Amino acid sequence: MGRIFDALEKRKKDTALGGGMLSAKRTDEIEKDKNPPVLLSQDGCDPKLVTLTAPDSFDAELFKVLRAQILFPQSGTRKKSIMVTSAFPGEGKTFVAANLGVSIASGINEHVLLVDGDFRRPNLHKMLGYSNTAGLHEYLTDKKDLADLIIRTRLDKLSFLPAGSPSHNPSELLASNEMKGFLEEVRDRYDDRLIIIDAAPVQATAEASVLSNYVEGVILVVRSQKAPREMVLRTVEALGRNKILGVIFNGYSKSLKQYGKYYGNYYR
Ligand SMILES: Nc1ncnc2c1ncn2[C@@H]1O[C@H](COP(=O)(O)OP(=O)(O)O)[C@@H](O)[C@H]1O
Ligand SMILES: [Mg+2]
């Protein structure tokens, strides 16, 4: 975790010098970058980004377990593009996608590109402490260069693509050939990167089930006492059983807050 704290220290110094908040860098420029952008600090991000704000917490440990399961799957090969979804809104997709991304990028070897693919409720930027600048929407509609849209974070192995401007036709956009092309381009151009997409919920939108055809694996978040069993089963069918890498049972309960700062129980 020393690396993160080094980054945080450096961030403080850069802020004092008036460093800009946002900057886009090509992935292949990372190594050359002597002055990476100021981002992803404990000051700016959501405190629930526990893998950064409370790296020694129980929750952060659970994300390490999840990280190991993804990086070293018991069967089959490691998946390079993973979508995080759920049956309904508010089950913890963004919480899981962001924390998983930080957890993996904090490891020794893996680079991660976090993508906000929830055009209806884009929240990943808030978790990470960014504003929602141009991103996936601009790539899909205006054919903007990915290198100009992807944000490098201070966590040097983590990059981020925000959702971008609001979309009037999210289902069509995310199910489009352009979206398929996006994943192909990212895979070819940034082949050292694990892509984690924070997607829309399956039962409330059409896009997640289509998107699951374009990614290699899906993580399904199920929030305790939120999604009825039959809806979870329907969601599994809509996504395709074979695509699902695992189900995260998010047992988070607000009442647990009385016991401490951040709580979330995950069981696989
Ligand atoms: N395990 C958890 N521990 C603490 N807070 C959580 C947990 N899971 C979700 N939350 C909080 O619940 C709210 C909804 O979660 P979010 O990830 O935004 O859901 P979704 O992206 O599925 O709509 C957010 O405020 C999030 O921070
Ligand atoms: Mg969300």
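Predicted model: local features only at pLDDT ≥ 70, side-chain atom pairs only at ≥ 80, totals over all residues.
A strand here is a DSSP run of E of at least two residues, counted off from the N terminus.

View 1. Strand β3 covers residues 151-152, and I151 belongs to it. Is I151 buried or exposed? It counts as buried, because 25 C-beta neighbours fall inside 10 Å and the cut-off for buried is 20 or more. Look across to L161 as well: it is 10 residues away from I151 along the chain, and the two C-alpha atoms are 6.2 Å apart.

**View 2. The whole chain, before zooming in further.** The protein chain has 11 helices and eight strands. Of its 268 residues, 43% are buried. If you take the contacts with a separation of 6 or more, 76% of them join residues 24 or more positions apart.

**View 3. The largest nonpolar core and the residues that touch most of it.** In soluble globular proteins, nonpolar side chains tend to be buried together. In this model the largest nonpolar core has 65 residues, and the members touching the most others are V84, A98, L114 and I196. Helix α4 (residues 93-105) gives this core its largest share, eight residues.

View 4. V221 lies in strand β6. Which residues does V221 contact, once neighbours within four places in sequence are set aside? They are V84, S86, E91, G92, K93, V96, I248 and N250. V232 is 11 residues from V221 along the chain, with 9.6 Å between their C-alpha atoms.

**View 5. Helix α11 has a buried side and an exposed side.** This helix runs over residues 229-239, and V232, T235 and L239 are its buried residues in this view. Why do these three end up on the same side of α11? They cover an arc of only 60° around the axis. Turn to the other side of α11 and you find E230, L233 and E237, which are exposed. What covers the buried residues includes α10 (207-211), β6 (217-223) and β7 (244-250).

View 6. V210 is located in helix α10. Having 17 other C-beta atoms within 10 Å makes V210 partly exposed, because buried would take 20 or more and exposed 12 or fewer. Apart from neighbours within four places in sequence, V210 contacts L174 and A175. S171 is 39 residues from V210 in sequence, yet the C-alpha to C-alpha distance is 8.6 Å.

**View 7. Helices α3 and α4 crossing.** Two packed helices are described by the angle between their axes and the distance between the axes. For α3 (residues 58-71) and α4, the axes come within 9 Å and cross at roughly 75°. The pair is therefore roughly perpendicular, as angles of 65 to 115 degrees count that way. On the α3 side the contact is made by F63, K64, L66 and R67, and on the α4 side by N99, L100, S103 and I104. Sorted by class, that is four nonpolar, two polar and two charged residues.

View 8. K143 has a positive phi of about 55° without being a glycine. You'll find K143 in the loop between α6 (136-142) and α7 (146-149). Is K143 buried or exposed? K143 counts as exposed, because it has 9 C-beta neighbours inside 10 Å. The other residue is Q225, again not a glycine, with a positive phi near 65°. Q225 belongs to the loop between β6 and α11. Q225 is exposed because 7 other C-beta atoms lie within 10 Å, and 12 or fewer is the limit for that label.

Key. Residues numbered from 1 in each chain as written. Chains lettered and ligands numbered in written order. Helix = DSSP H or I, 4+ residues; strand = E, 2+ residues; numbered from the N terminus. Core = buried A, V, L, I, M, F, W, Y, C linked by C-beta atoms within 7 Å. Arc of directions from axis to C-beta. Contact = placed C-beta atoms within 7 Å. Axes fitted to C-alpha atoms, helices over the stretch in contact; angles between N-to-C directions. Parallel < 35°, antiparallel > 145°, perpendicular 65-115°, else oblique. Nonpolar A, V, L, I, M, F, W, Y, C, P; charged D, E, K, R; others polar.
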